[in-house]
Amino acid sequence: MSNETIARVERDGDIAVIIVNNPPVNTITAAVRSGLSAALDQVAGLEGIRAVLLRCEGSTYFSGADIGEFNGPPKEAEYRELFARFEALAVPVVVAMHGTVMGGGLEIALACHYRVAAPGTRFGLPEVTLGIIPGGGGTQRTPRLIGIEKTLDMIIGARPVDVPTGLAYGFLDQAIEGDLATGALAYARQLVASGAGPRRTADRTVAPASNEVLERFAAQARKQYPNREAPFTAIEAVKASASLPLPEGLLLEDKLVNGAKLTPESLGAVHVFFAERETRKVVGLPPGEARPVKAGGIIGAGTMGGGIAMCFANAGIPVTVIDTSQEALDRGFKVIDGNYESMVKRGRLTPEDKAKRLALINGSLDYAALSRADVVIEAVFESMDLKKKIFTALDKACKPGAVLASNTSTLDVTEIARATSRPADVVGLHFFSPANVMPLLEIVRTELTGPQAIRTVMEFAKAIRKTPVLARVCYGFVGNRMMEGYAREAERMVLEGAEPRQVDHALEGWGMAMGILAVFDMAGVDVGTNVHKANADRYPPDPTYYQADFALVEAGRFGQKNGKGYYRYVPGDRARHDDPEALAILRARAAALKVPQREHTTHEILERCLYPLLNEGFRILEEGIVQRASDIDVVWTSGYGFPRYRGGPIHYAEQIGLKVLYEGMLRYAKEFGPMHWEPAPLLKQLASSGQTVAQWEQSARKA
Ligand code: NAD
């Protein structure tokens with residue numbers, strides 16, 4: 001698209017209207033910036049202009065800066081000069097906003113003189129979540145318009161605000177009902193008629209914030225963003241707006257933002273941002289169309305089936321849920337109803353929308369009700385025999401072309417596919433619990449899965465707003481396979497005398513959303529032991545393997561569901577309490593197994609949990625289970641609570657150094673024996689050659 005089509009100037013009487021159209025979301029790319037610059041040149045050449053209106057076409061006003069430019073040379077000066085040109089115009093400049101106005105999108109508006117927006121527009125400065133700070137004047141102009149406290153609220157809170165808030169805060173002048181272009185033009189005309197001149201943000205001063213305010217936000221930042229610097233850098237920049245004139249404040253902001261871009265937290269978060277956009281691309285898929293998904297089916301109205309049904313209904317797709325009895329269906333529907341009701345109570349859903357969504361979910365005891373389904377997802381008990389029977393029945397009941405999917409966590413999807421006459425249409429769709437909340441969807445293709453089924457489920461994932469990661473069949477797929485060693489060491493350490501709280505605190509302090517032992521209590525400790533019992537033949541000959549789980553379950557401690565697991569719980573509360581009884585059980589098991597007791601530092605807990613996790617990632621990569629290394633990072637950041645600012649397991653491994661990881665594995669192999677500590681061949685290769693993962697991927701792709 002040429003600059004002229006990206007940004008054009010139309011004249012409406014004495015008003016020059018600059019219109020930008022850069023689909024899909026009007027990102028402020030280099031082309032947009034040069035288009036805007038050319039538009040300003042054009043406006044300067046027009047006679048008799050008394051106001052300028054800036055607006056965007058399409059689904060949204062400028063959604064933000066071009067994050068793709070983060071990796072290149074700094075562009076802030078370019079943004080700054082462009083925005084200053086708008087600010088310096090001698091006639092009033094009005095911006096008309098709609099959609100989602102983030103970061104650079106809001107910053108350009110703040111440099112203009114008057115701001116109006118369509119109802120429903122959302123505004124935000126979410127940069128700290130990417131490890132940086134606003135770099136287009138946001139830390140200096142926002143406080144000039146709304147003061148330091150509200151600015152920090154927007155920047156540290158990093159949550160978008162709506163039009164009423166924008167009006168109350170004072171960065172927004174008017175909400176425009178009806179057609180935005182017409183309303184904004186009328187607004188500009190009124191300004192001209194009233195003789196209003198430019199109203200430059202740069203001319204305003206900022207009242208200094210009290211120490212109490214600054215300390216409050218620092219405390220919020222410590223809590224909301226542990227292990228990160230960007231929020232504190234933002235506070236420093238915003239605070240400076242009270243003492244520095246705008247040009248100097250902007251230079252300070254420039255320096256701080258460019259420093260922030262090089263921090264590990266920014267490199268990690270930006271990596272994940274792009275990694276999530278990559279996962280949808282399927283390498284080597286022949287061109288073709290996805291089949292439309294207009295109706296769905298689910299077998300099993302349990303924990304997962306119910307959550308998956310909500311995913312369909314939330315996307316407006318009717319779905320039929322099948323179970324073995326009316327009681328099972330009723331139980332499942334009660335849970336679904338309860339989940340929607342809690343959304344209504346929290347103001348996330350209107351009662352009307354709840355009713356609409358519930359109306360899309362139907363129950364049946366008869367497979368004939370699936371005759372129209374385009375995707376059917378099986379979510380019954382984890383038994384190969386049962387699943388095969390169900391797939392044979394689905395094969396008979398479903399229309400040709402329907403995708404038949406299993407939500408299995410551990411079973412071989414190829415074997416399930418072979419139970420049908422249409423293995424090309426069979427995939428694994430591994431949702432995570434709660435399925436209606438967790439963004440990750442592992443899509444498992446077998447050697448027999450056809451391209452059209454893959455295309456269809458990729459599109460389907462988009463429709464139900466999931467982050468799909470395509471994987472090949474292996475035990476545990478990507479996420480659970482990598483969890484095996486991570487959890488094994490956590491459990492082993494509690495047998496060696498570490499307290500559950502100590503292990504979980506170490507992991508949470510490092511950034512995991514929840515310590516793994518607390519996760520087991522939440523998911524059900526018995527769920528883990530059942531999986532381990534069913535797969536005992538796969539596991540290495542280690543008598544201590546997952547014995548902490550077994551000891552607790554054998555003593556009747558199943559986790560949160562019965563109030564005791566690794567921790568103790570009181571009814572109606574999920575808070576974990578240390579429990580001497582659990583410790584005694586663990587100590588007794590350790591003594592019976594003759595596990596040597598030792599002290600554990602936080603450093604050791606982290607290394608012993610994380611190294612096996614990272615190491616397994618390199619095996620998965622080398623085996624070609626995933627399409628690309630960054631897919632592994634997405635699995636862990638979107639499905640397992642791995643901190644985004646650490647970039648996911650493979651990115652993090654490179655951050656700490658592959659040699660460090662490799663040598664760490666060898667160190668523990670020496671101490672505990674090689675059974676669990678064999679470095680992945682690919683890790684060894686990269687650690688000794690010095691090749692990066694990206695370089696290896698490139699050479700592997702060529703080969
Ligand atoms: P669940 O026990 O909560 O639900 C299973 C449901 O299947 C029950 O309602 C049961 O009545 C029904 N069912 C059993 N046999 C049936 C049949 N022949 N026809 C129709 N319905 C039948 O189980 P869940 O936790 O929802 O797990 C379901 C599947 O999802 C399993 O394969 C599990 O491994 C997998 N999974 C579970 C989780 C999780 O966290 N719970 C996460 C990912 C995947």
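Which residue of strand 6 does Val52 stand opposite? In this predicted model, the residue that faces Val52 across the pairing is Val93. The two strands concerned are strand 4, which covers residues 51-56, and strand 6, which covers residues 93-97; they run parallel and are joined by four bridges.

This pairing belongs to an open sheet of six strands, in which the order is 1-2-4-6-8-10 and the pairing is mixed. The edges of the sheet are formed by strand 1 (7-12) and strand 10 (174-175), and because each of these has a single partner strand, one side of each is left without a neighbour in the sheet. Helix 2, made up of residues 30-44, lies across strand 1, strand 2 (15-20) and strand 4, and its direction is at about 165° to that of strand 2.

A second arrangement concerns two helices further along the chain. Two packed helices are described by the angle between their axes together with the distance between the axes. For helix 19 (residues 500-510) and helix 20 (residues 516-523), the axes come within 7 Å and cross at roughly 110°, which means that helix 19 is roughly perpendicular to helix 20. On the side of helix 19, the contact involves Pro500, Val503, Asp504 and Leu507, and these meet Ile516, Leu517 and Ala518 in helix 20. Sorted by class, the residues in the contact of helix 19 with helix 20 comprise six nonpolar, no polar and one charged.

Among the individual residues examined, Thr233 lies in helix 9, which spans residues 230-240. Thr233 counts as buried because its relative accessible area is 16%, a value to be set against the limit of under 20% that defines a buried residue. When its neighbours within four places in sequence are left aside, Thr233 is in contact with Ile133 and Leu256.

The cysteines were examined in turn. A disulfide is a covalent bond between the sulfur atoms of two cysteines, and a search of the whole structure finds zero disulfides. For Cys112, the closest cysteine sulfur is that of Cys56, and because the two sulfur atoms are 11 Å apart, they are too far from each other for a bond; the criterion requires a pair within 2.5 Å. Cys112 is also buried, with a relative accessible area of 0%.

Terms used. Residues are numbered from 1 along each chain as its sequence is written. This is a predicted model: local features need pLDDT of at least 70, side-chain atom pairs count only at pLDDT 80 or more; totals for chains, interfaces and linings use all residues. Side-chain values use heavy atoms; hydrogens and water are left out. Buried means under 20% relative accessible area, exposed over 50%, partly exposed in between (1.4 Å probe, protein chains only). Axes are lines fitted to C-alpha atoms, for helices over the stretch in contact, and angles run from 0 to 180 degrees between N-to-C directions. Angles under 35 degrees count as roughly parallel, over 145 as roughly antiparallel, 65 to 115 as roughly perpendicular and the rest as oblique. Contact means heavy atoms within 4.5 Å. Ala, Val, Leu, Ile, Met, Phe, Trp, Tyr, Cys and Pro count as nonpolar, Asp, Glu, Lys and Arg as charged, and the others, Gly among them, as polar. Two strands pair if DSSP finds at least two bridges between them.
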